[in-house]
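Work through the exercises below with the sequence and the model at hand. Each task is followed by a solution in steps.

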Amino acid sequence: MFNENSIIVKTWFTAVMSGVYKYRDVPNLSNLREEVAKKLIEMGYDIENED
């Protein structure tokens, strides 16, 4: 299980926020997508409308 302090969550969060990847590119691995989504939503990122 991942949490907000996991290095992989932080890495994917940073990659999405910087535009390197989209949220849809985050692997569906355990709860990774959910943890990344929580952090993105907190920052105002719209995970539903990425285009």
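**Exercise 1: packing of the helices**

Determine which helix the buried residues of H2 pack against.

Step 1. The buried residues of H2 pack against helix H1 (7-17). Helices here are DSSP runs (H or I, at least four residues), numbered from the N terminus. The model is predicted: local features need pLDDT of at least 70 and side-chain atom pairs count only at pLDDT 80 or more, while totals for chains, interfaces and linings use all residues. Residues are numbered from 1 along each chain as its sequence is written, and side-chain values use heavy atoms, with hydrogens and water left out.

Step 2. In H2 (residues 32-42), the buried residues are Leu32, Arg33, Glu35, Val36, Ala37 and Leu40. Buried means under 20% relative accessible area, exposed over 50%, and partly exposed in between (1.4 Å probe, protein chains only).

**Exercise 2: geometry of the contact**

Describe how H1 and H2 cross, and list the residues that make the contact.

Step 1. Two packed helices are described by the angle between their axes and the distance between the axes.

Step 2. The axes of H1 and H2 cross at roughly 55° and come within 9 Å. H1 is therefore oblique to H2. Axes are lines fitted to C-alpha atoms, for helices over the stretch in contact, with angles from 0 to 180 degrees between N-to-C directions; under 35 degrees counts as roughly parallel, over 145 as roughly antiparallel, 65 to 115 as roughly perpendicular and the rest as oblique.

Step 3. H1 contributes Ile8, Val9, Trp12, Phe13, Val16 and Met17 to the contact, and H2 contributes Leu32, Glu35, Val36, Lys39 and Leu40. Contact means heavy atoms within 4.5 Å.

**Exercise 3: surroundings of Ile47**

Is Ile47 buried or exposed, and which residues does Ile47 touch?

Step 1. Ile47 lies in the segment after H2.

Step 2. Its relative accessible area is 17%, so Ile47 is buried.

Step 3. Leaving out residues up to four places away in sequence, Ile47 touches Tyr23, Ala37, Leu40 and Ile41.

Step 4. Between the C-alpha atoms of Ile47 and Val9, 38 residues apart along the chain, the separation is 15 Å.

Definitions and conventions
Helix = DSSP H or I, 4+ residues; strand = E, 2+ residues; numbered from the N terminus.
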